[in-house]
Amino acid sequence: MPYLRASDLPSEPAGNRFRELLSRPGILQIPGTHNGMAALQAKAAGFEAVYLSGAAMTASMGLPDLGIITVDEVGFFVRQVARASGLPVMVDGDTGYGEALNVMHMVRTFEEAGAAAVHIEDQVLPKKCGHLNDKKLVDARDMAAKIAAGSQARRHLFLIARTDSAASEGIDGAIARAKLYLEAGADAIFPEALTGAEMFREFSRRLPGVRLLANMTEFGRTPFFTASEFEDMGYRMVIWPVSSLRVANKAQANLFAALRRDGGTHNMLKEMQSRAELYDLIGLKDYEALDASIVQTVLP
């Protein structure tokens with residue numbers, strides 16, 4: 001139903017709804033949705049929460065994932081996805097866009113935009129994709145200060161601490177950092193770029209009872225695992241951060257190649273979402289029903 005009508009909006013804050021999903025048995029599966037349409041499609045497929053990846057947001061803007069975009073730019077994506085889907089949205093908060101006060105500003109901005117959860121990472125700027133080499137880390141105490149600041153700023157936002165330290169400090173260093181971040185107020189831990197099942201199991205085994213987030217990105221350092229396999233390894237959440245963007249980009253590239261080759265889209269019609277499918281997904285008739293002055297659309 002349209003987001004315009006108050007009776008169709010969720011009554012509980014997004015963070016509380018995210019916590020309720022986590023309280024259920026099983027692993028929470030959270031696909032990346034890089035815009036409002038992708039979020040609607042994920043909801044139609046049955047997902048109950050969605051994710052906004054920094055890599056997907058920047059790539060959709062034609063930029064690399066190097067911490068270039070601003071809090072306000074990300075806030076635009078958060079509002080779009082939260083409004084379109086009505087689902088709890090987990091957001092990639094990069095490094096928090098600065099130090100402690102910047103993290104607090106980010107938390108307030110994201111909460112007001114409709115976010116349910118955010119993760120902050122312990123890299124220095126300019127940050128890199130978690131699955132690339134030579135990442136530079138901040139001091140663990142500085143990262144803990146950011147987590148503490150975010151915890152003070154949030155009302156309901158679920159706060160996840162991401163550590164990129166396994167590659168340079170090993171599993172022991174990553175565990176030590178995770179414990180410090182939990183003490184500072186993190187609700188969950190996101191160990192990035194683990195390279196095998198044994199690492200995932202070891203991390204979980206040494207943090208009993210801690211809610212852990214797994215990242216199943218394609219073409220990275222982590223082998224392919226299913227949601228159930230991550231659950232068996234002790235993880236409570238899994239994201240597929242850039243999958244929707246990768247598929248959409250590939251489809252668009254094929255379209256433009258065909259258009260250039262054929263001089264028209266006639267050979268691509270079977271690959272397209274139809275007008276009727278689009279209108280059904282965005283709920284055009286529901287919007288029209290809110291205002292009797294809008295003439296109901298008749299498809300040609």
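In this predicted model, the second largest pocket is lined by 30 residues. Nearest its centre lie Y3, A82, R83, S85 and G86. The volume of the second largest pocket is about 680 Å³. Five helices each supply at least two residues of its lining: helix 1 (14-22), helix 2, helix 4 (71-85), helix 11 (275-282) and helix 12 (284-290). Helix 4 gives the most, with 5 residues. By class, the lining of the second largest pocket divides into 15 nonpolar, 7 polar and 8 charged residues.

The largest pocket has a volume of about 840 Å³. Of the 24 residues lining the largest pocket, Q41, V247, A248, A251 and Q252 are the closest to its centre. Two elements give two or more residues to this lining, namely helix 2 (36-44) and helix 10 (243-262). The largest share comes from helix 10, which contributes 10 residues. The lining of the largest pocket holds 12 nonpolar, 11 polar and 1 charged residues. Helix 2 is listed for the largest pocket and also for the second largest pocket.

| Largest pocket | about 840 Å³ | 24 residues | helix 10, 10 residues |

The buried residues of helix 4 are V71, V74, G75, F77, V78, Q80, V81, A82 and S85. An α-helix has 3.6 residues a turn, so residues three or four places apart point the same way. The buried residues of helix 4 pack against helix 2, strand 2 (50-52), helix 3 (54-60), strand 3 (89-92) and helix 5.

Helix 5 (residues 100-113) contains T109. T109 counts as buried because its relative accessibility is 13%, and the cut-off for buried is under 20%. A polar atom of the T109 side chain lies 2.9 Å from the backbone oxygen of H105. Leaving aside residues up to four places away in sequence, T109 touches V71 and D72.

Two residues other than glycine have a positive phi and sit in loops. For A193, phi is near 60°. A193 lies in the loop between strand 6 (188-191) and helix 8 (197-205). With a relative accessible area of 8%, A193 is buried. For F219, phi is near 65°. F219 is placed in the loop between strand 7 (213-215) and helix 9 (227-232). Is F219 buried or exposed? F219 has a relative accessible area of 74% and is therefore exposed.

Methods: Residues numbered from 1 in each chain as written. Predicted model: local features only at pLDDT ≥ 70, side-chain atom pairs only at ≥ 80, totals over all residues. Heavy atoms only, no water. 1 Å grid on protein atoms, 1.4 Å probe; cavity = no way out; pocket = protein on both sides within 12 Å on 5 of 7 lines; lining within 4 Å. Points joined across faces, edges and corners; volume = space filled by probe spheres on them. Helix = DSSP H or I, 4+ residues; strand = E, 2+ residues; numbered from the N terminus. Nonpolar A, V, L, I, M, F, W, Y, C, P; charged D, E, K, R; others polar. Buried < 20%, exposed > 50% of the residue type's maximum accessible area, 1.4 Å probe, protein only. Polar contact = N/O pair within 3.5 Å; in protein donor to acceptor, adjacent residues only side chain to side chain. Contact = heavy atoms within 4.5 Å.
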